[in-house]
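Open your viewer and get ready to select residues by number. Each stop tells you what to pick and what you will find there.

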Amino acid sequence: MNTRSYLYQTKKKKKWPWIIGLLFILLAGGGAFFAHQQGYLALNELFDEVPQEEPEPIVEQQPEEVEPEPIPEPEPEPEPEPEVDRSGAKGYEGNEVLPQEPTYMSGILMASKQYPLPQDFVPTDEMLQEVQQAFAELAAAASLDGYELVAFSGYRSFERQQELYERYVANDGQEEADRYSARPGHSEHQTGLALDIGEKNFEQHFARVSFGDTEAGKWLAENAHLYGFILRYPEGKEKITGYMYEPWHFRYLGKELALEIVNSGLTVEEYIEQ
């Protein structure tokens, strides 16, 4: 009986260590869990204390607005210049008073509806001789080609031009006379540098438009500038020159200037105004 009691006691004693170990394990595990929880919270608190940088908002860049280039306004069309018309009496408007001195334009002694001469203007003997010599050369050249040219009118004084103009006005009226005859003081004949030219024995064409259709008239129109003369009032230029087509009226300018004007295709009025 003692032996069983001893065994009983021995077996009973062995239960306490096991219970204590279990309690220890539970306490240790609980402490570790508690510590872990505390540490986790502390770590979270630590990170919570660190300020977090908020990310900058992403701003979408808008494309730059390109201002359209201004459309240039069309330049206004220049107003057309008023048409020149010196035909008839219109060319004399504003030029009725005769000057005290002659007018030279681009080296040309002017005598026209726009640029009158002084009433007392008289060409020098040297001027008249130069024109006569130039015509003699022209006539000699024409003769070689079978045309006998004559100058049937040259220098006219102011008084002689006045007589002729008044006669034309009496016959045809002033409006028509102003188309083909210069008023006194406006005639190129007063310069002594203008000649009315025709063909000998063909007087029916003197001072007539028909002269331009003759063979002599055509030769003269094509060759006169080689000797210093130009056709002064060409066809289709009445509004510019102020006078109707006169295929017999030639003006002496000298060979160099005559050649320049003929090559330009301009009238004297157009030449001095360019």
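Helices and strands here are DSSP runs, numbered from the N terminus: a helix has at least four residues, a strand at least two. The model is predicted.

**Stop 1: the whole chain**

Show everything as a cartoon. The protein has nine helices and six strands. Its length is 274 residues, and 35% of them are buried.

**Stop 2: L253**

Select L253. Which loop holds it? L253 is found in the loop between β6 (249-252) and α8. Is L253 buried or exposed? Its relative accessible area is 15%, and buried means under 20%, so L253 counts as buried.

Leave out residues up to four places away in sequence, and L253 touches I108, G228, I230, A258 and I261. Y227 and L253 are 26 residues apart along the chain, yet 9.3 Å separates their C-alpha atoms.

**Stop 3: helix α3**

Select residues 125-144. This is helix α3, with 20 residues. From first C-alpha to last, α3 reaches 29 Å, close to the 28 Å expected at 1.5 Å a residue.

Which residues of α3 are buried? Colour M127, V131, A134, F135, L138, A139, A141 and A142: these are the buried ones. They cover an arc of only 160° around the axis, which puts them on the same side of α3. Here is the rule to keep in mind. An α-helix has 3.6 residues a turn, so residues three or four places apart point the same way.

Turn to the other side of α3. There, D125, E126, Q129, Q132 and L144 are exposed.

What do the buried residues of α3 pack against? Show β2, β3, β4, α6, β5 and β6: the buried residues of α3 pack against these elements. Then step past the end of the helix. G146 follows α3, and its phi is positive, near 95°.

**Stop 4: helix α4**

Select residues 158-172, which form α4. α4 has 15 residues. It spans 21 Å from its first C-alpha to its last, close to the 21 Å expected at 1.5 Å a residue.

Colour F158, Q161, L164 and Y165, which are buried in α4. They cover an arc of only 125° around the axis, which places them on the same side of α4. On the other side of α4, look for A170 and N171, which are exposed.

Now show residues 174-180. That is α5, and the buried residues of α4 pack against α5.

**Stop 5: the largest pocket**

The largest pocket has a volume of about 470 Å³. Which residues lie nearest its centre? Select R156, Y168, Y180, E246 and W248. They belong to a lining of 24 residues.

The largest share, four residues, comes from α4.

**Stop 6**

Of its 15 lining residues, I230, L231, I261, V262 and L266 are the closest to its centre. Select β5 (229-231) and α8 (255-264): these are the elements that give two or more residues to the lining. β5 gives the most, with three residues. By class, this second lining has eleven nonpolar, three polar and one charged residues.

Look back at Stop 2 for a link. I230 and I261, which lie among the closest to the centre of this pocket, are also touched by L253.

**Stop 7: two loop residues with positive phi**

Select S106. S106 sits in the loop between β1 (104-105) and β2 (108-109). Its phi is near 55°, a positive value in a residue other than glycine. At 46% relative accessibility, S106 is partly exposed.

Finish at A207. Where does A207 lie? A207 is in the loop between β4 (194-199) and α6 (215-223). Phi of A207 is near 55°, again positive in a residue other than glycine. With a relative accessible area of 30%, A207 counts as partly exposed.

Conventions: Residues numbered from 1 in each chain as written. Predicted model: local features only at pLDDT ≥ 70, side-chain atom pairs only at ≥ 80, totals over all residues. Heavy atoms only, no water. 1 Å grid on protein atoms, 1.4 Å probe; cavity = no way out; pocket = protein on both sides within 12 Å on 5 of 7 lines; lining within 4 Å. Points joined across faces, edges and corners; volume = space filled by probe spheres on them. Nonpolar A, V, L, I, M, F, W, Y, C, P; charged D, E, K, R; others polar. Expected span 1.5 Å × (residues − 1). Buried < 20%, exposed > 50% of the residue type's maximum accessible area, 1.4 Å probe, protein only. Arc of directions from axis to C-beta. Contact = heavy atoms within 4.5 Å.
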